Amino acid sequence: MESQEQQPKSRVIKVESVESWDFYSTQATNQACPIVVHFTALWCMPSVAMNPIFEELASAYPDALFLTVDVDEAKEVAAKMEVKAMPTFVLMKDGAEADKIVGANPEEIRKRIAGFVQSIRAYNA
């Protein structure tokens, strides 16, 4: 057997259906946990380029639930959230959209997620 390098386990959960979307969003809402969603597509290079940044943010904010949705695999979820362009990042609180960021702008995304998670921490304190 070859020795494999230990990859850190991803904190980003892939949503592949409306059922898994409903499951994770209900769980997070019940636990008052903020949700950060990355709507992506394999063919969208700016979206793919955001994946490592999204992973980094997921590690930086362990008290938030980070989900990724491939719009081609989970069309119903993308339609439900009115996602029209990739990448789109949706910040959710209590099961409802609190903020939406369209486009691959790492600094803006970092800033908005940081502010969002901080505001929820303050609210829950």
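The model is predicted, and local features are used at pLDDT of at least 70, side-chain atom pairs at pLDDT 80 or more, while totals for chains, interfaces and linings use all residues. Residues are numbered from 1 along each chain as its sequence is written, and side-chain values use heavy atoms, with hydrogens and water left out.

**Exercise 1: Helix α1**

Find how far helix α1 reaches, and work out which of its residues are buried and which are exposed.

Step 1. Helices (H or I, at least four residues) and strands (E, at least two) are DSSP runs, numbered from the N terminus. Helix α1 covers residues 18-30, which makes 13 residues.

Step 2. From the first C-alpha of α1 to the last is 18 Å, close to the 18 Å expected at 1.5 Å a residue. The expected span is 1.5 Å times one less than the number of residues in the helix.

Step 3. Buried means under 20% relative accessible area, exposed over 50%, and partly exposed in between (1.4 Å probe, protein chains only). In α1, the buried residues are S20, W21, S25 and A28. They sit on the same side of α1 because they cover an arc of only 120° around the axis; the arc is that of the directions from the helix axis to the C-beta atoms. E19 and N30 are exposed on the other side of α1.

Step 4. Now look at the cover. The buried residues of α1 are covered by elements including β1 (12-15), β2 (35-40), β3 (65-70), α3 (75-80) and β4 (88-93).

**Exercise 2: Positive phi**

Which residue with a positive phi follows α1? Compare its setting with that of E82.

Step 1. The residue after α1 is A32, with phi near 55°. A32 is not a glycine, and its place is in the loop between α1 and β2.

Step 2. A32 is partly exposed, at 38% relative accessible area.

Step 3. E82 also has a positive phi of about 55° without being a glycine. Its loop runs between α3 and β4, and E82 counts as exposed at 54% relative accessibility.

Step 4. Stay in the loop between α3 and β4, where P87 lies. The peptide bond from M86 to P87 is cis, with omega near -10°.

**Exercise 3: The largest pocket**

Describe the largest pocket by its volume and its lining.

Step 1. On a 1 Å grid over the protein atoms alone, a pocket is an open set of points with protein on both sides within 12 Å along at least five of seven lines, and lining residues have an atom within 4 Å of a point. The volume of the largest pocket is about 220 Å³, taken as the space filled by probe spheres set on the points.

Step 2. The lining has 16 residues, and those closest to the pocket centre are V12, K14, T40, N51 and T68.

Step 3. At least two lining residues come from each of β1, β2, α2 (45-60) and β3. The most come from α2, which gives four.

Step 4. By type, the lining holds seven nonpolar, five polar and four charged residues. Here Ala, Val, Leu, Ile, Met, Phe, Trp, Tyr, Cys and Pro count as nonpolar, Asp, Glu, Lys and Arg as charged, and the others, Gly among them, as polar.

Technical notes. Contact means heavy atoms within 4.5 Å. On a 1 Å grid over the protein atoms alone, a cavity is a set of points where a 1.4 Å probe fits but cannot get out, and a pocket is an open set with protein on both sides within 12 Å along at least five of seven lines; lining residues have an atom within 4 Å of a point.
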